[in-house]
Amino acid sequence: ICGDDNKNSTVPCYGDSTPDSIQRDSSVFEGKPNKIVYWDRRREFNDGNDVHLEAASKIGINPLESREDIPKASKPLYLICGNMGFKGPEPYVVDKLTHSSPLLVKEAADLLTDISVNFQDSLRNKHISPYSVVVTSVLRTDEDVELLSKRNVNAVERSVHCYGTTMDISCKRFVKHNPKDKDAREVDLIAVLGEVLRDLKNAGRCYVKYEIKQHCFHITARQ
């Protein structure tokens, strides 16, 4: 599912290969399930806006005034669309977007794919039915931030979205691949996603902030 902000985009699509983990039948479990670790999200993921902004300014684009400026971005932007380039279940789902566009620089697009694939691998290893994460916010222009700030007081703080390096992933919404599979507990899905993000954060791939009011993980690529 793609956001509705990309209909006239001329940027390249992201995802031209099929990860092995997506091709496998994720409904077949083997061996004993791995243990689920439950995290204190507020304490574990509290990277401040300053470090997000520093990383974004190093690898991201120059902020854009409006969506009309997207074709003139200072670096290539990639259209992230969950079902593009993958033969199996999409590794992530992009929500219907109203105040952002589904575009990222390559480093961030790679990170999103790794988060999504690792999440599904971890679910399989824990014998949990396969789900996809939901991306709820991506690239914002100055105009998007201005409009959003009228309804969301945190919008200015998250202006790091203007660099094409940052995405929000919901920790309340997940998309199950097969309706016939057993429902997973929300607390387990959040814990598994947290484990994936913690590993990537510790590997120096990203900064992560848990947004309490928005019920999402605010994630910025570092490399």
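A residue is called buried here when its relative accessible area is under 20%, exposed when that area is over 50%, and partly exposed in between, with a 1.4 Å probe and protein chains only. By this rule Glu107 is partly exposed, because its relative accessible area is 23%. The structure is a predicted model, in which local features need pLDDT of at least 70 and side-chain atom pairs count only at pLDDT 80 or more, whereas totals for chains, interfaces and linings use all residues. Residues are numbered from 1 along each chain as its sequence is written, and side-chain values use heavy atoms, with hydrogens and water left out.

The chain has six helices and seven strands. Helices (H or I, at least four residues) and strands (E, at least two) are DSSP runs, numbered from the N terminus. Along the sequence they follow the pattern α-α-α-β-β-β-α-β-α-β-α-β-β. Of the 223 residues of the chain, 52% count as buried. The accessible surface comes to about 11000 Å², and carbon and sulfur atoms hold 46% of that surface; the areas come from the Shrake-Rupley method with a 1.4 Å probe, and for residues only the protein chains shown count as cover. Contact means heavy atoms within 4.5 Å. Among contacts with a separation of 6 or more, 79% are between residues 24 or more positions apart.

Glu107 itself lies in helix α4. Leaving out residues up to four places away in sequence, Glu107 touches Ile59, Lys75, Ala221 and Gln223. Its C-alpha atom is separated by 9.9 Å from that of Tyr78, 29 residues apart along the chain.

In soluble globular proteins, nonpolar side chains tend to be buried together. A nonpolar core is a set of buried Ala, Val, Leu, Ile, Met, Phe, Trp, Tyr and Cys residues joined through side-chain atoms within 4.5 Å. The largest one has 47 residues, of which Phe119 and Ile219 touch the most other members. Two or more residues of this core come from each of β2 (92-94), β3 (103-104), α4, β4 (131-137), β5, α6, β6 and β7. Helix α6 gives the largest share, eight residues. A second, separate core has five residues, including Ala56, Val160, Cys162 and Tyr163. Ile219 is in contact with His52, and its other partners beyond four places in sequence include Leu111, Ile115, Met167, Leu197 and Tyr207.

Charged side chains come next. A salt bridge is a side-chain nitrogen of Lys or Arg within 4 Å of a carboxyl oxygen of Asp or Glu. The whole structure holds 13 salt bridges. One of them joins Lys58 and Glu54, with the closest N and O atoms 3.6 Å apart. Both residues lie in α3, four residues apart, about one turn of the helix. Lys58 is exposed at 64% relative accessibility, while Glu54 is partly exposed at 43%.

A further salt bridge pairs Lys172 with Glu186, at 3.1 Å between the closest N and O atoms. Lys172 lies in strand β5 and Glu186 in helix α6, so this pair ties together parts that are 14 residues apart in sequence. Lys172 is partly exposed, at 41% relative accessibility, and Glu186 is also partly exposed, at 36%.

The loop between β5 (166-176) and α6 (186-202) contains Asp181. Asp181 is buried but has no salt bridge, and the nearest side chain of opposite charge, Lys176, is 6.8 Å away; for charge, Lys and Arg count as positive and Asp and Glu as negative, while His and the chain ends are not counted. Beyond its neighbours within four places in sequence, Asp181 is in contact with Ser129, Pro130 and Lys176. Lys176 meets Asp183 in a salt bridge, at 2.3 Å from N to O. Asp183 counts as exposed, at 56% relative accessibility.
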